[in-house]
Amino acid sequence: MKKINNILLKIYEKDYFPFVVLVFFAILSHLLINTELGDVIHHRAVIKESGLFETYKLTIRTWSSRFIVDFIMYLFAVLPIIIWKVMNISMILLFAVTTSKLFVPKDYRRSNHYIMLFFIAAYPFQHMNSAGWVATTITYLWTLSLGMVSLLPIKRIFNGEEICWYEGVIVLICTMYATDHEQSKCILLIAYFVFFIYFLMKRKFSSLLITQTLVSIVKIYITIVHPGNISRKAAEIRTFFPDYNMLSLIQKLKLGLSSTIMSFISTPNLVLIMLCGLVFVCIFIKHKDNFYRLIAAVPFFISCFSLFSYFLIKIFPRLENILFYTSINYTEISLINYKSYLSYVPIIISVLLIGFICLSIYLIFGNTEKSILVNLIFLCGIASRMIMSFSPTLYGSGGRTYIYMYASLIICGIYIYNEFRGSVSEKVNENFIKVCISISFFAFLNNVL
């Protein structure tokens, strides 16, 4: 028994112990979820009738250019579900580990890993069930995790480290998978291209990064011209958004922006509240100017709006109509509603939230490369959801399309937490971590129950 206790104590003392807790949470949640829902039922029935390869070929010809993702999705539809559960838990862990390797300082891994545990536990995991667990996670969560792996060479090049040939092969495989999804390939192209230019300015050359950039460009071109995607878009317009083709580019972008932000603040969102709370505390500690503090307070107040609205509706039930119509019916300004002040609320809130967060990040990090990087990560997260402006399933796809935005908020949260950690005493930091661990537990229960 003493030997077992010593082993458990050694595990607990490891920097990666929070990820052990994360895996425990993931295993428990995968034991409880019902996987016999959504697209996997349809896929299994079609494959049983027509065969795996015939179904896959028909999909590629008439519906999709996701050559790799769709094949894996069909394959896991017929494999024992336990294989998907093991792989999915591995992908959750892979996201955590690669995010740590990319963005967490080596000297403070343990406390950062607890912060990551909080953010990941706070993610509304039910979003991954919007089209069935198997189909949605393979399409979104797996592309996110493997996309993070594909970014590891950037860190290696930045640190002047060599990349072995077999590491390059693994990275290219991950790149091929991650760039098979429309949102993911656009964000990765931005990342590859920005750092390619950055390294070019620093006189650093990487054939691997160039290859990744070219793969992304080719995949985007295939997405645009593939006949399956064209027919799919026509079908989705008829089903989800008959007036889609009547919208101008500006109208589509306005819909994308307002729907993205309003969905984050119309219901309680722990990830956004935590991020904006960290921003506010950091500004409050670093700056004595009340104007700067007010700038940071605006996003925090907006992020907490959903909590206030819940209690206000309980006290004043008639407010529900105003809040509901503001977040749902007034996402687009038209000839019908342009005279109503409520029509302008979503776009005003969206611009204020994004603008003040970006300004607050600059105030935290100052005139540094880190300030540019964190703002770029944040804006890429917003852009990842706004890409849906060019899809008729802007509303029909549900919460799953926000996963890349959540990932960007988690990464920004890591950077801002480290500024917070460096500005407070060790005792305050320890108490903060304890609070985050407690909230993580309740956030997990909220996700699985």
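Buried means under 20% relative accessible area, exposed over 50%, and partly exposed in between (1.4 Å probe, protein chains only). The legends describe a predicted model, in which local features need pLDDT of at least 70, side-chain atom pairs count only at pLDDT 80 or more, and totals for linings use all residues. Residues are numbered from 1 along each chain as its sequence is written.

**View 1. A nonpolar surface patch that includes Ile-27.** Ile-27 is partly exposed, because its relative accessible area is 40%. This residue is found in helix α2 (residues 17–32), helices being DSSP runs (H or I, at least four residues) numbered from the N terminus. Together with Phe-24, Leu-28, Leu-31 and Leu-32, Ile-27 forms a patch with about 500 Å² of accessible area. Patch residues have over 30% relative accessible area and no salt bridge, with nonpolar side chains joined within 5 Å. A salt bridge is a side-chain nitrogen of Lys or Arg within 4 Å of a carboxyl oxygen of Asp or Glu.

**View 2. The largest cavity.** About 340 Å³ of space lies in this cavity. Of its 21 lining residues, the closest to the centre are Ile-92, Ile-120, Ala-121, Tyr-123 and Phe-125. Helix α2 gives the most to the lining, with 5 residues. A cavity is a set of points on a 1 Å grid where a 1.4 Å probe fits but cannot get out, and lining residues have an atom within 4 Å of a point.

**View 3. Arg-203 in the loop between α11 (182–201) and α12 (207–225).** Arg-203 has a positive phi of about 60 degrees, although it is not a glycine. Most residues other than glycine have a negative phi. Arg-203 counts as exposed, because its relative accessibility is 81%.

Definitions and conventions:
Heavy atoms only, no water. Patch = residues over 30% accessible without salt bridge, like charges linked within 9 Å, V, L, I, M, F, W, Y side chains within 5 Å. Areas by Shrake-Rupley, 256 points an atom, 1.4 Å probe, with all protein chains shown as cover. Helix = DSSP H or I, 4+ residues; strand = E, 2+ residues; numbered from the N terminus. 1 Å grid on protein atoms, 1.4 Å probe; cavity = no way out; pocket = protein on both sides within 12 Å on 5 of 7 lines; lining within 4 Å. Points joined across faces, edges and corners; volume = space filled by probe spheres on them.
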